[in-house]
Amino acid sequence: MEYKMLESRGQRSRRASKLMWSALAVGAVVLVSAAFSVRSSASPALSSGPVRTRSCRAVRVNALGMSRRGLMTGSIALSIPAAASLVSPRNSEAAFKFPGEMPKDLGPRGDGSLKGCPSTSNCWSTSAPDESHKAFPLTFSKGKSEAIADLKEVLTSYPKEGQKINEKDIVDGGGWRLIKNDGGYFQLEYESKKFGFVDDVEFNVLDGKVTYRSASRQGDSDFGVNAYRLNYIAEGLKKKGWETPGFPLTTAAQR
């Protein structure tokens with residue numbers, strides 16, 4: 001009898017343990033799913049002036065007035081024990097990072113063009129065929145080598161601590177990295193301060209113009225981050241005598 005009672009207690013203990021680990025696993029899935037739908041806290045409007053606009057998802061609010069960002073914060077509190085074994089932090093202030101995978105088809109095509117954009121609203125490209133993602137090449141009337149030097153100077157002048165939009169919001173607060181600098185082709189990664197989301201950015205200097213692409217690896221909305229970044233770079237080149245048609249860029253999330 002005593003043996004059977006001990007066996008029963010052991011079975012109950014094993015079932016309780018399985019239930020606990022199942023709950024932690026579900027919490028981790030909620031965390032990852034919620035994090036992929038959030039990009040950045042920056043959403044204020046750009047400076048006044050003529051702008052190009054396109055549609056973009058706004059932050060959704062539920063009946064309790066809680067945004068998806070608020071829901072994700074609650075999920076994190078419940079899921080940290082399980083998520084800690086799933087995510088490997090990289091060097092930044094973000095404790096949990098979701099850099100995503102770098103696309104394998106980046107780089108210039110034979111005609112100097114770059115990769116286009118997916119259907120999501122977090123990408124700009126001079127190769128995009130549709131108006132919602134289309135950007136115009138940056139142009140110059142100087143030698144190609146001088147143009148490459150201009151572009152490199154502007155790119156490397158981008159604040160490592162991120163671009164401050166207002167008193168509260170910073171774009172690319174996780175810093176940036178120059179991945180490739182090859183004969184006028186520049187590939188960079190920009191990282192968000194919260195959760196370490198990574199955007200891939202490319203510039204390719206041709207005769208008289210530069211093609212470019214700025215895109216988030218994950219999610220749908222970017223809260224205007226790619227536009228803020230490109231506007232900063234275009235403004236720096238404009239001060240060097242370049243033409244920047246179509247700028248400043250903006251999205252509905254910034255208004």
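Q: Are Cys-117 and Cys-123 buried or exposed?
A: In this predicted model, local features need pLDDT of at least 70 and side-chain atom pairs count only at pLDDT 80 or more, while totals for chains, interfaces and linings use all residues. Residues are numbered from 1 along each chain as its sequence is written, and side-chain values use heavy atoms, with hydrogens and water left out. Buried stands for under 20% relative accessible area, exposed for over 50% and partly exposed for what lies in between, with a 1.4 Å probe and protein chains only. By that criterion Cys-117 and Cys-123 are both buried.

Q: What is the handedness of the disulfide of Cys-117 and Cys-123?
A: A disulfide is assigned to a pair of cysteine sulfur atoms within 2.5 Å, and the sulfur atoms of Cys-117 and Cys-123 are 2.0 Å apart. The structure holds one disulfide. Because the torsion about the S-S bond of Cys-117 and Cys-123 is about -70°, the disulfide is left-handed.

Q: In what order do the elements of the chain run from the N terminus on?
A: Helices (H or I, at least four residues) and strands (E, at least two) are DSSP runs, numbered from the N terminus. The chain comes to four helices and eight strands. From the N terminus on, the order is α-α-β-β-α-β-β-β-β-β-β-α.

Q: How are helix 3 and helix 4 oriented to each other?
A: With axes as lines fitted to C-alpha atoms, for helices over the stretch in contact, and angles running from 0 to 180 degrees between N-to-C directions, helix 3 (residues 144-156) and helix 4 (residues 225-238) pack at about 135°, their axes 9 Å apart. On the helix 3 side the contact (heavy atoms within 4.5 Å) is made by Asp-150, Leu-151, Val-154 and Leu-155, and on the helix 4 side by Ile-233, Gly-236 and Leu-237. Angles under 35 degrees count as roughly parallel, over 145 as roughly antiparallel, 65 to 115 as roughly perpendicular and the rest as oblique. Helix 3 and helix 4 are therefore oblique.

Q: Which residues does Leu-155 touch, not counting residues up to four places away in sequence?
A: Leu-155 lies in helix 3 and, because its relative accessibility is 2%, counts as buried. Its C-alpha atom is separated by 9.9 Å from that of Trp-176, 21 residues apart along the chain. Leaving out residues up to four places away in sequence, Leu-155 touches Trp-176, Phe-186, Leu-188, Tyr-190, Phe-203 and Ile-233.
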